[in-house]
Amino acid sequence: MVDQLTFDPRNRNRGDSISQYRDQRYKGTLKEQEIALRSSATLYIGNLSYYTREEQVYELFGRGGDVRRVIMGLDRFRKTPCGFCFVEFYTRMDAEIAMEALNQTRLDERTVRVDWDAGFVEGRQYGRGKHGGQVRDEYRKDYDPGRGGWNKMIASRGGGDE
């Protein structure tokens, strides 16, 4: 049983790992984070449209079980949605059902990514990119209307070829 709880960073991207998503600012050791991921009832939901509302997330993830709360990811500066959220369930079993059933499903014409989270801590709802949103959106080269159009760096130069 101990081997199952030991986190080996070399296996980080293997399918048998508990979670592909890792909070790089987790306060604790990698082993503590892995243990928290294995007991958590919180899911990280990525690749959401900037226009997805909290009520839509409740409705979709409520199919997996009783949702305790939804915490929408926000642009750090504008306090507007920035494409991710956390969904807390009352029980691990409900979260497992939602994870199995809803990963890679479509919400607002986007394929959402569902992964385990070690547990929401106040402040994590804010994007960590230079412009306040998600870091990954700052490197995106395509036009994505569901994620605000062009990335902030391209938009500041006047956009791309539309």
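Me: Which residue stands opposite Asp117 in β6?
Reply: Thr42 does. Strands here are DSSP runs of E, at least two residues long, and helices are runs of H or I, at least four, numbered from the N terminus.

Me: How many bridges join β1 to β6, and which way do they run?
Reply: Five bridges join them, and β1 and β6 run antiparallel. Two strands pair if DSSP finds at least two bridges between them.

Me: Is this a predicted model, or what is it?
Reply: This is a predicted model; local features need pLDDT of at least 70, side-chain atom pairs count only at pLDDT 80 or more, and totals for chains, interfaces and linings use all residues. Residues are numbered from 1 along each chain as its sequence is written, and side-chain values use heavy atoms, with hydrogens and water left out.

Me: What is the mean pLDDT of the protein?
Reply: The mean is 76, and 64% of the residues reach 70 or more. pLDDT is the predictor's confidence in each residue, from 0 to 100.

Me: Where is confidence lowest, and where highest?
Reply: Lowest in helix α1 (residues 2–5), at a mean of 40. Highest in helix α3 (residues 54–61), at 96. Over residues 1–16 the pLDDT is below 50.

Me: Back to β6. How many of its residues are buried?
Reply: Four of its five, so strand β6 (residues 113–117) is mostly covered. Buried means under 20% relative accessible area, exposed over 50%, and partly exposed in between (1.4 Å probe, protein chains only).

Me: Now rings. How many aromatic pairs are there?
Reply: Four. Rings of Phe, Tyr and Trp (its six-membered ring) pair if their centres lie within 6.5 Å; planes under 30 degrees apart are stacked, over 60 edge-to-face, and the rest tilted.

Me: Why is the pair of Tyr44 and Phe84 stacked?
Reply: Because the planes are at 20°, with the ring centres 6.0 Å apart. Tyr44 lies in strand β1 (residues 42–46) and Phe84 in strand β3 (residues 81–89), so the pair ties together parts 40 residues apart in sequence.

Me: What about Tyr44 and Phe86?
Reply: Their centres are 5.9 Å apart and their planes at 70°, so that pair is edge-to-face.

Me: Are Tyr44 and Phe86 buried or exposed?
Reply: Tyr44 is buried, at 5% relative accessibility. Phe86 is buried too, at 1%.

Me: Which residues form the aromatic cluster?
Reply: Tyr44, Phe84, Phe86 and Phe120.

Definitions and conventions. Contact = heavy atoms within 4.5 Å.
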